[in-house]
Amino acid sequence: MSERLSVLFREKLICAFELVDADGYYREEERRKVRIASQEGELLCPDCGERMILCAGAIVQPYFRHYKIQECKTGAELRTKAGKRKYFCRKALFQIVKTAGLPNVRLREEKERQLEPVLFDCDAGTIGYVYLDGKTRNISELWKENQAYLSQKIRLYFFLNEEYKSNAKNITGDEAECARLNGGEIYYLNIKNNTATIRKKYRTGTGEASYYEETYEFDDVIPDEEGRITGPFLERFQKLAKEEKRNFKKVKRFPAEEGISEEYQDMDFLLMDALEEV
């Protein structure tokens, strides 16, 4: 039986995530209204047009399913471990945007697409947050779908599962692709701790590549006017990168030894006084 997170109600798309607040408690008035609509057969599948019913009990996380046993190509696999993780991560992204007070928040579910973004509007236009689960994926298909959204003037930002986060110096291919898609930043979600982490590459004083990161509670994650998740991260990162750049260029002096009066060294040249030392 196919499940969904959004349905049509009186020609308006509503999302199951609308029924709960940021702490996971039901908005009882909203749940009652949608439950009545479900009982009266007013909820429809956006793809096949068939009747949908609401599943929103005390234990079960809210979602919609088809009234009759049938297969619909678009559906959220809530019965699998990966499907449940994807559900909670998309719910977290939805609540982050709702808490930020940005307008026109909705969830897009489409046939035969691996990207199902949480969409919202801001000063930069329509923005989408996409959660990507797992360690590997079809990179060429990912870029193709991203270009399709860009052609619709929708800018996407991609989030990864923090469970697969690499160390501070070596990142995976997935992380590198997300950094390229996000304009140099890598975003992670941790649904166990309700946190989001941001990473960005910089050069250390020795010229090595490393990654600066900060972690935020979901309540402290607020998109800027372009939809980016920056918080105070960007300001502190720029300060760090500037300091490391100064260290990289700094001339270091070493004490005189064995008749050499001074030795100057940086990453570009080495100057010594004794010819035989050269």
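What separates Phe-233 and Phe-237 in helix H5? In this predicted model, the two residues lie four places apart in that helix, so about one helical turn stands between them. The ring centres of Phe-233 and Phe-237 are 6.0 Å apart and the planes meet at 15°, so this pair is stacked. Both Phe-233 and Phe-237 are buried.

Phe-237 also pairs with Tyr-212. Here the centres are 6.3 Å apart and the planes stand at 35°, so the pair is tilted. Tyr-212 belongs to strand S13 and Phe-237 to helix H5, so the pair ties together parts 25 residues apart in sequence. Relative accessibility is 19% for Tyr-212, which counts as buried. For Phe-237 the value is 7%, again buried.

The structure contains eleven aromatic pairs. Ring pairs join Phe-120, Tyr-129, Tyr-157, Phe-159 and Tyr-187 into a cluster. Arg-155 sits over the face of Tyr-157, 4.3 Å from the ring centre. Arg-51 is placed over the face of Tyr-67, at 4.1 Å from the ring centre.

The largest nonpolar core comprises 35 residues. Phe-120, Tyr-129 and Phe-159 are among those with the most contacts inside this core. Elements that each supply at least two of its residues include helix H2 (81-100), strand S13 (209-217) and helix H5 (233-249). H2 gives the most, with seven residues. Beyond its neighbours within four places in sequence, Phe-120 contacts residues including Val-97, Leu-102, Ile-127, Tyr-129 and Gly-227. A second, separate core has 16 residues, among them Val-130, Leu-132, Tyr-149 and Leu-160.

Notes: Residues are numbered from 1 along each chain as its sequence is written. This is a predicted model: local features need pLDDT of at least 70, side-chain atom pairs count only at pLDDT 80 or more; totals for chains, interfaces and linings use all residues. Side-chain values use heavy atoms; hydrogens and water are left out. A nonpolar core is a set of buried Ala, Val, Leu, Ile, Met, Phe, Trp, Tyr and Cys residues joined through side-chain atoms within 4.5 Å. Buried means under 20% relative accessible area, exposed over 50%, partly exposed in between (1.4 Å probe, protein chains only). Contact means heavy atoms within 4.5 Å. Rings of Phe, Tyr and Trp (its six-membered ring) pair if their centres lie within 6.5 Å; planes under 30 degrees apart count as stacked, over 60 as edge-to-face and the rest as tilted. A charge sits over a ring if NZ of Lys or CZ of Arg is within 6 Å of the ring centre and within 35 degrees of the ring normal.
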